[in-house]
Amino acid sequence: MFNKILVANRGEIALRVIRAAREMGIRSVAVHSTADSDAMHVRMADESVCVGPPPSARSYLSIPSIIAACEITGAEAIHPGYGFLSENANFVQVIEDHGLTFIGPTAEHIRVMGDKITAKETMKKLGVPCVPGSEGGVPSLDDAKEIGEAIGYPVIIKATAGGGGKGMKVARSAKEMERAFMTARAEGQANFGNDEVYIEKYLTTPRHIEIQVFGDGRGRAVHLGERDCSLQRRHQKVFEEAPGPIITPEERARIGKVCADAMADIKYIGAGTIEFLYENGEFYFIEMNTRLQVEHPVTEAIFGVDLVREQIRVAAGMEMSFQQDDLKINGHAIEVRINAEKLPNFSPCPGRITQYHAPGGLGVRMDSALYDGYRIPPYYDSLIGKLIVHGRDRPEALARLNRALGELIVDGVDTTVPLFHALLQEKDIHTGDYNIHWLEKWLEANL
Ligand code: ADP
């Protein structure tokens, strides 16, 4: 096992990794920008290294600085968290070239799944069902129009390098195609330096269901059921739960096995998430994320496992500590993402926290790097905490969420907490009757 690992991230996810490491008796190194000198991850780690100025491109994304921090401190492995360098194949290559270990999948798996066209082709070959659409990239507007006619409108044009909800445009008719096609390409180029796009049938009432997978890199892989992340704003998740309110044990076993087998087949190592749209009893693959996801704690809650610990174990060459038959679902878990944002526009709201009190009690987990007097810097994303609740069943989890939100105090900045208070008043949230468009419609009508 490693003696010391470096965490190439900040905020709540850096704390998450430091905590797992400490429980395993591993020392942790935090890296930080000058804007984060007094951040909680710096305080909590055993050691810390400043890796650059506030802009992420010159600190949290600076590969040479992070490698140097590793060498200075003698850390043997790097955990990337999510975002930043977590899905950067080049980073993994550089880490390996320096004789260090990346706590995550291989550069090759990141490369294949990071390009959505290649990912879809690969998954199709592995027997995973996909959304109907173009065969590979769509080079011209004429091709796009032809494909639109062939698969039938509405369609969605997606940048192959896209992520974070960027580079996706819906065309509801041939007339809308030109604009959607051009915009998706331009967003792909501007955000990811790649203007290649592909086209999919736009599903009108799906749920977002994703399967958590885990592999040992030697051909053994398991699934840890699904998460339902259908409540989204601008294709970004805000409320996630496990298990999915409408997925049956048979469906879970079937799609879970397809995913686990596919991962065993490619000898995947570590944690991964295979994302699907689910409509009329069918699953359609949309993309795979080769990292730990923001919403991983709901899976941890219902299976009673520590996914970060497992990531570290397999990266060190150890066996996974569970097999498929050991993984049994216990109860229901919900996570809400608490962002420093001002409603109704969700505009970022950095600033000083004048008072912070985390909720507690049975079945409540608050993952956050906030503290009294902390100043949220304006340079990074607006997620300031994740409230995760676990109950014996969904109604208990919802009641617990309501109770815990009532205890939470975050003063000094605006947050998305009022949104969750309002959502808990909605019948559809309690019945679980919603799809990926529900929240956008609700926001339009209520905010
Ligand atoms: P990103 O990598 O930017 O997160 P995804 O491919 O994972 O993009 O899609 C994000 C979200 O966009 C999905 O959860 C879903 O809400 C919506 N979406 C993606 N593809 C489709 C589709 N074919 N039909 C309808 N909605 C889609």
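**Notes on the ligand site and selected residues**

1. The residues of the shell around the ligand divide into eight nonpolar, seven polar and seven charged. The model is a predicted one, and the points below should be read with that in mind. There are 22 residues around the ligand, and those that come nearest are Lys158, Gly165, His208, Gln232 and Glu287.

2. Which strands build the shell? Strand 6 (155–163), strand 7 (166–171), strand 8 (197–201), strand 12 (269–279) and strand 13 (282–289) each supply at least two of its residues. The largest share, four residues, comes from strand 6.

3. In Gln232, a side-chain N or O atom is 2.7 Å from a ligand oxygen. For Lys116 the corresponding distance is 2.9 Å, and a polar side-chain atom of Glu275 lies 3.0 Å from an oxygen atom of the ligand. Taken alone, the ligand exposes 550 Å², of which the protein buries 96%.

4. Lys120 deserves a look. This lysine belongs to helix 6 (residues 116–125). Is Lys120 buried or exposed? Its relative accessible area is 9%, and the cut-off for buried is under 20%, so Lys120 counts as buried. Leaving aside residues up to four places away in sequence, Lys120 touches Cys130, Val131, Tyr198, Glu200 and Phe285.

5. Helix 3 (residues 63–73) has a buried side. Its buried residues are Ile63, Ile66, Ile67, Ala69, Cys70 and Thr73. Because they cover an arc of only 155° around the axis, they sit on the same side of helix 3. On the face turned away from the buried side are the exposed residues Pro64, Glu71 and Ile72.

6. What do the buried residues of helix 3 pack against? Their partners are strand 1 (4–7), strand 2 (27–33), strand 3 (47–52), strand 4 (77–79) and helix 4 (89–97). After helix 3 comes Gly74, with a positive phi near 75°.

7. Asp46 is in the loop between helix 2 (40–44) and strand 3, and is partly exposed at 32% relative accessible area. Not counting residues up to four places away in sequence, Asp46 touches Arg22, Ile26, Arg27 and Ser28. With Arg22 there is a polar contact between the two side chains (3.2 Å). A polar side-chain atom of Asp46 also lies 2.9 Å from the backbone nitrogen of Ser28.

8. One joins Tyr153 and Pro154, with omega about -5°; Pro154 is in the loop between helix 7 (141–151) and strand 6. Another joins Ala242 and Pro243, also with omega about -5°; Pro243 is in the loop between strand 11 (236–242) and helix 9 (249–265).

9. Positive phi values also occur in residues other than glycine. Phe84 has a phi of about 35°, lies in the loop between strand 4 and helix 4, and is partly exposed, with a relative accessible area of 28%. Lys267 has a phi near 55°. The place of Lys267 is the loop between helix 9 and strand 12, and its relative accessibility of 46% makes Lys267 partly exposed.

Methods. Residues are numbered from 1 along each chain as its sequence is written. This is a predicted model: local features need pLDDT of at least 70, side-chain atom pairs count only at pLDDT 80 or more; totals for chains, interfaces and linings use all residues. Side-chain values use heavy atoms; hydrogens and water are left out. Buried means under 20% relative accessible area, exposed over 50%, partly exposed in between (1.4 Å probe, protein chains only). The arc is that of the directions from the helix axis to the C-beta atoms. Contact means heavy atoms within 4.5 Å. A residue is near a molecule or strand if one of its heavy atoms lies within 4 Å of it. A polar contact is a pair of N or O atoms within 3.5 Å; within protein, one must be able to donate a hydrogen and the other to accept it, and residues adjacent in sequence count only if both atoms are side-chain atoms. Accessible areas come from the Shrake-Rupley method with a 1.4 Å probe; for residues, only the protein chains shown count as cover. Ala, Val, Leu, Ile, Met, Phe, Trp, Tyr, Cys and Pro count as nonpolar, Asp, Glu, Lys and Arg as charged, and the others, Gly among them, as polar.
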